[in-house]
Amino acid sequence: MLITILVIAAIAVAGYFLWKRGDQDGDGDVDLKDIKLSAKDVKEDLEEGIDEIKDRAQDVIKELGDVVSAIKGVPTKGQLNKLTKQELVNSAKADHGADLDISLKKTTLVNKVYKLYR
Ligand SMILES: [Ca+2]
């Protein structure tokens, strides 16, 4: 029951918010057509925002590439297995100047990086 009320309230708030954006198609009144246009606009804005966040996250991941050296002491295969192939390649380069081929299988990369740190 509470969930139903919350859902109805959310729809009402969203509808009001979209209605407040006003006349979108320029025919002088605010009706369902305008609300639909507003909803489309908002959806596009949200999608752009999400893409932006994804791009920024990618940048942060690149900056954090050197993660193996963040593991204290000598990394175990279990720890290496938790990393992505990109992280393994980046770490091998950063810590040992080794150029590993990202197209190698993950297990091969893990084994190569594991040996580098011995
Ligand atoms: Ca209109």
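A residue counts as buried if 20 or more other C-beta atoms lie within 10 Å of its own, as exposed if 12 or fewer do, and as partly exposed in between, with C-beta atoms placed from the backbone. The model is predicted: local features need pLDDT of at least 70, side-chain atom pairs count only at pLDDT 80 or more, and totals for chains, interfaces and linings use all residues. Residue numbers start from 1 along each chain as its sequence is written.

**View 1. Helix α1 (residues 2–20) is hardly covered**. Of its 19 residues, the count of buried ones is 1. From first to last C-alpha, α1 reaches 27 Å, close to the 27 Å expected at 1.5 Å a residue (the expected span is 1.5 Å times one less than the number of residues). G22 follows α1 and has a positive phi, near 85 degrees. Helices (H or I, at least four residues) and strands (E, at least two) are DSSP runs numbered from the N terminus.

**View 2. The protein holds 5 helices and 0 strands**. The radius of gyration is 25 Å, well over the 13 Å that the globule rule gives for 118 residues, so the protein is more spread out than a compact globule. That radius is taken over C-alpha atoms, and the rule is 2.2 Å times the number of residues to the power 0.38. Along its principal axes the C-alpha trace spans about 75 × 40 × 25 Å. Buried residues make up 12% of the 118 residues.

**View 3. The domain assignment gives domain 1 (2–21 + 31–62) and domain 2 (65–116)**. These bounds come from an automatic or database assignment. The centres of domain 1 and domain 2, taken over C-alpha atoms, are separated by 40 Å.

**View 4. The largest nonpolar core has 8 residues**. Its members are L80, L83, L88, V89, A92, L109, V110 and V113. Apart from neighbours within four places in sequence, A92 is in contact (C-beta atoms, placed from the backbone, within 7 Å) with A98, L100, V113 and L116.

**View 5. In α5, L109, V110 and V113 are buried**. Seen down the axis of α5, its buried residues fall within an arc of 100 degrees, so they line one face of the helix; the arc is that of the directions from the helix axis to the C-beta atoms. T107 and K115, on the other side of α5, are exposed. The cover over the buried residues of α5 includes α3 (77–81) and α4.

Notes:
A nonpolar core is a set of buried Ala, Val, Leu, Ile, Met, Phe, Trp, Tyr and Cys residues joined through C-beta atoms within 7 Å. Two residues are in contact if their C-beta atoms, placed from the backbone, lie within 7 Å.
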